[in-house]
Amino acid sequence: SYLLPEKHKLGKRKTSVKKKTLNPVYNEILRYKIDKAVLESQRLNISVWHHDTFGRNSFLGEVELELANWDWKDSQNKQMIWYPLKPRTPLQGLELENRGEIKIALQYVPQPVGGKKIAATGEVHIWVKQCNDLPVLRGPKLNSFVKCTVLPDTSKKSRQKTRAVAKTTNPIFNHTMVYDGFKPEDLKEACVELSVWDHNKFANHFLGGLRIGLGTGKSYGIAVDWMDSTLDEATLWERMINSPNTWVEDTLPLRLLMVAKMTK
């Protein structure tokens, strides 16, 4: 199950797997810790899946309930209610929702100070300046921070992040991250993934993100789902490639995306 519009892995709850039956009985409670005022603006999405012997999950059907219309005082709502499973709901509407925007600047430095003059690799500098109009999904207070990964490297040591800025939907970070080891030809294969999160003591909740690369769908000849930059995101990356040693800047809309999984 998910609470929408935040359809992200940190918002997911699931039951155990029931084997060898078309009439599974779960008798399990899935809990979310969330303020009631926020809950009433959410939609509950419950989906049923088949888990096969090879570890693959196949979608069977789903139900989506508008929690704003749920009568929390009605004792009948505490009883079990049967709902027919429906085909998957398209995500286009979620992708178009306003998730705020982020102001960033990029710079490629082909010959960093102190680098070797022959066969040197350059650096990508990422200056996270600020975000505007971030969505408030989990309560009245927002403590946001930004994570950064340069794909295809998914090792945890490559991940950097800003500090958390509290109690504002328009946080100013003014934080620069530096990634080294890039030859000019590597820039065509790499992609900067930035994701904005709301931090609290229980968990971090995804607010929105973007991926800045050429958006070719491939990296080093291999098809990858994360090379999916929008036109504006790809344009900023191209400007950086074509203007070495120069900061290029833009304010880009945050969007819904599945953040790349980190490896050890």
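Predicted model: local features only at pLDDT ≥ 70, side-chain atom pairs only at ≥ 80, totals over all residues.
Strands of a sheet pair through backbone hydrogen bonds, either parallel or antiparallel.

Now look at each pairing. β1 covers residues 2-4 and meets β2, residues 43-51, over 3 bridges. In this pairing, Tyr-2 stands opposite Asn-45. Between β2 and β3, residues 57-66, there are 9 bridges. Here Ile-46 faces Val-63 of β3. Asn-45 has a bridge partner in β3 as well, namely Glu-64.

## The four-stranded sheet

A second open sheet has 4 strands in the order β9-β5-β4-β14, again with antiparallel pairing. β9 (172-182) and β14 (248-253) each have a single partner strand, so one side of each is left without a neighbour in the sheet. On average, neighbouring strands are turned by 20° against each other, direction ignored.

Which strands does β4 pair with? One is β5: 9 bridges join β4 (residues 101-109) to β5 (residues 122-132), and the two run antiparallel. Leu-106 has Ile-126 as its bridge partner in β5. Ala-105 stands opposite Trp-127, also in β5. The other is β14, joined to β4 by 6 bridges and running antiparallel to it. In that pairing, Ile-104 stands opposite Asp-250.

How much of β4 is buried? The count is 7 of its 9 residues, so β4 is largely enclosed by the rest of the structure.

## Helix α3

Helix α3 has 12 residues. From its first C-alpha to its last it reaches 16 Å, close to the 16 Å expected at 1.5 Å a residue.

Which residues of α3 are buried? They are Glu-233, Ala-234, Leu-236, Trp-237 and Met-240. These residues cover an arc of only 160° around the axis, which puts them on the same side of α3. On the other side, Leu-231 and Asn-242 are exposed. The buried residues pack against β4, β5, β10 (191-199), β11 (204-212) and β14. Three of these strands, β4, β5 and β14, belong to the four-stranded sheet.

## A buried loop residue

Thr-162 is found in the loop between β7 (160-161) and β8 (165-166). Is Thr-162 buried or exposed? Its relative accessible area is 6%, under the 20% cut-off, so Thr-162 counts as buried.

What does Thr-162 touch? Leaving aside neighbours within four places in sequence, Thr-162 is in contact with Val-128, Phe-145, Val-146, Phe-173, His-175 and Met-177.

## Salt bridges

Side chains of opposite charge can pair when their charged atoms come close. How many salt bridges does the whole structure hold? A search finds 7.

One of them joins Arg-43 and Glu-64, at 2.9 Å from N to O. This pair links distant parts of the chain: Arg-43 is in β2, Glu-64 is in β3, and they are 21 residues apart. Arg-43 is buried, with a relative accessible area of 18%. Glu-64 is partly exposed, at 32%.

Another salt bridge joins Glu-249 and Lys-129, at 2.3 Å from N to O. Glu-249 lies in β14 and Lys-129 in β5, 120 residues apart. Glu-249 is partly exposed at 34% relative accessible area, while Lys-129 is buried at 15%.

## A salt-bridge network

Arg-211 forms a salt bridge with Asp-228, their closest N and O atoms being 3.0 Å apart. Arg-211 lies in β11 and Asp-228 in the loop between β13 (222-223) and α3, so the pair ties together parts that are 17 residues apart in sequence. Arg-211 is buried, at 4% relative accessibility. Asp-228 is partly exposed, at 29%.

The pair does not stand alone. Salt bridges that share partners join Glu-193, Arg-211, Asp-228, Glu-233 and Arg-255 into one network. Glu-233 is also one of the buried residues of α3.

Definitions and conventions: Residues numbered from 1 in each chain as written. Heavy atoms only, no water. Pairing = 2+ DSSP bridges. Axes fitted to C-alpha atoms, helices over the stretch in contact; angles between N-to-C directions. Buried < 20%, exposed > 50% of the residue type's maximum accessible area, 1.4 Å probe, protein only. Contact = heavy atoms within 4.5 Å. Expected span 1.5 Å × (residues − 1). Arc of directions from axis to C-beta. Salt bridge = Lys/Arg side-chain N within 4 Å of Asp/Glu carboxyl O.
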